[in-house]
Amino acid sequence: MSADPAHAPAPAAPGTATASLPRHRPVRPWVLMYHSVARHTEDPYDITVSPGRLDRQLRWLRRRGLRGVGVAELLRERAAGRGARLVGLTFDDGYADFIEEAVPLLRHHGCTATVFVLPGRLGGTNAWDPQGPRKPLLTEAGIRAALGAGMEIGSHGMLHLDLTGTDDDTLRRETEGSRLLLEEITGRSVRGFCYPYGTIDHRAVGAVRAAGYEYACAIDPGPLTSVHALPRVHVGESDDSLRLHAKRLLHPLRRRALPSGPTAPAAGAPRTGAGR
């Protein structure tokens, strides 16, 4: 069973702010983390899901009355006391196969998603992965095509660097600089950021907030968890219906409720996160 895309809510209009999270109920948004969608045989980092598997995963969501949306929409609806049946869908790194393989399936199932892109590597490859395989990244035209298909565009930094090991100028370029460049490309406000490798510390989170992002995605939960360090659940090729069901059941147990609104990270908070 698939949903009619015509009934999917339109993306937020440019300039619409994401509301603060509600204070009257715990909020544990379920946000799924994807990367590449392609037919593959070599996948040393477990970042690739085949189109057939993604199709079955989206069908699994829809059959349970759930719908995948971009993170800005998810947070906006949860802030308004709605959206209990919404699931955040994110695609890291901005692979070109997002347009070729993911977007048609998302639209078929009446879903949207956030794709986090690297404006400093437009049309390049995932050169940060030493073991490969090399995958092409979105161009400016691809980013605009994703936006035109109703997807949210977020920043993954300029070059896919671990922000916890950068100097101040590089940190500013990766956070503020990437947002400004993407806004120039898209003509839209860029609301979300995604930490490369999922690694964060109080300095990185503070820089992302200072750069004007309304939210940011990490991977693992930890002491910095907030709207600017949202934990996510990795989804891979091995995630069939049973595994997705288990991940959904375990989600409330593994994820504490978010603070209401962006909270400042404690000084000296530890570096956390690991992954792609």
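1. In H5, Thr170, Leu171, Glu174, Thr175, Ser178, Arg179, Leu182, Ile185 and Thr186 are buried (under 20% relative accessible area, 1.4 Å probe, protein chains only). The model is predicted, with local features needing pLDDT of at least 70 and side-chain atom pairs counting only at pLDDT 80 or more, while totals for chains, interfaces and linings use all residues. Residues are numbered from 1 along each chain as its sequence is written, and side-chain values use heavy atoms, without hydrogens or water.

2. The cover over these buried residues includes strands E6 (114–117), E7 (152–155) and E8 (192–194), together with helices H4 (140–148) and H6 (202–210). Helices (H or I, at least four residues) and strands (E, at least two) are DSSP runs numbered from the N terminus.

3. H5 spans residues 168–186, 19 residues in total, and its first and last C-alpha are 26 Å apart, close to the expected 27 Å (1.5 Å times one less than the number of residues). A bend of about 35 degrees occurs at glycine 177 (angle between axes fitted to the seven residues ending there and the seven starting there).

4. At the start of H5, a side-chain oxygen of aspartate 167 comes within 3.2 Å of the backbone nitrogen of aspartate 169. Glycine 187, with a positive phi near 70 degrees, follows the helix.

5. The largest nonpolar core has 50 residues, of which Leu89, Phe91, Phe98, Leu106 and Tyr195 touch the most other members (buried Ala, Val, Leu, Ile, Met, Phe, Trp, Tyr and Cys residues joined through side-chain atoms within 4.5 Å). Elements giving two or more residues to this core include H1 (51–63), H3 (97–108) and H5; H3 gives the most, with 5.

Definitions and conventions
Contact means heavy atoms within 4.5 Å. A polar contact is a pair of N or O atoms within 3.5 Å; within protein, one must be able to donate a hydrogen and the other to accept it, and residues adjacent in sequence count only if both atoms are side-chain atoms.
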